[in-house]
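Colleague: I would like a close look at one residue in this model. Please place it in its surroundings, then in the whole chain.

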Amino acid sequence: MAEVVTSDEALAYLGIDNADEMILRNINRTIKTADKFLEGSIGKNYPRDDSRAKEIALIIIDDLYSNRGYMNTSAMTNNVRRLVDDLSMQLRMELLQNASV
């Protein structure tokens with residue numbers, strides 16, 4: 001299955017010209033998280049080649065990457081807090097759905 005965005009697309013969106021191994025690991029992790037978020041909110045077979053899905057993924061990647069050090073809730077932006085809440089809700093719903101199957 002193709003990624004919704006590539007690491008090169010994410011790096012360009014973030015304005016990162018030179019990426020070392022640590023940056024690439026962080027970018028790839030956020031790409032996977034954005035993909036799972038979109039699967040949870042849209043559906044497992046969401047259109048990964050749709051420009052709207054790509055843009056949503058890039059926004060999520062930017063938010064996760066740019067705010068990765070702000071786990072102190074008083075410093076966390078409202079967007080990050082909402083994203084964390086949404087991801088948590090998706091995981092809970094998937095666990096409940098899998099438990100009832």
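Modeller: Here is the residue first, then the chain around it. Keep in mind that the model is predicted.

The residue is D35. D35 sits in helix α2, which covers residues 21–41. Its relative accessible area is 15%. The cut-off for buried is under 20%, so D35 counts as buried. Leaving aside residues up to four places away in sequence, D35 touches Y46 and R48. With R48 there is also a polar contact: the two side chains are joined at 3.1 Å.

Now the chain. The protein chain has 4 helices and 0 strands. Read from the N terminus, the order is α-α-α-α. The chain holds 101 residues, and 31% of them count as buried; D35 is one of the buried residues. Take the contacts between residues at least 6 apart in sequence: 61% of these join residues at least 24 apart. The accessible surface comes to about 6900 Å². Carbon and sulfur atoms account for 53% of that surface.

Last, confidence. The mean pLDDT of the chain is 84. A score of at least 70 is reached by 86% of the residues. Among the elements, helix α1 (residues 7–14) has the highest mean pLDDT, at 97. Helix α4 (residues 78–99) has the lowest, at 75.

To return to the request: D35 is a buried residue of helix α2, and its side chain makes a polar contact with that of R48.

Definitions and conventions:
Residues numbered from 1 in each chain as written. Predicted model: local features only at pLDDT ≥ 70, side-chain atom pairs only at ≥ 80, totals over all residues. Heavy atoms only, no water. Helix = DSSP H or I, 4+ residues; strand = E, 2+ residues; numbered from the N terminus. Buried < 20%, exposed > 50% of the residue type's maximum accessible area, 1.4 Å probe, protein only. Polar contact = N/O pair within 3.5 Å; in protein donor to acceptor, adjacent residues only side chain to side chain. Contact = heavy atoms within 4.5 Å. Areas by Shrake-Rupley, 256 points an atom, 1.4 Å probe, with all protein chains shown as cover. pLDDT = per-residue confidence, 0-100.
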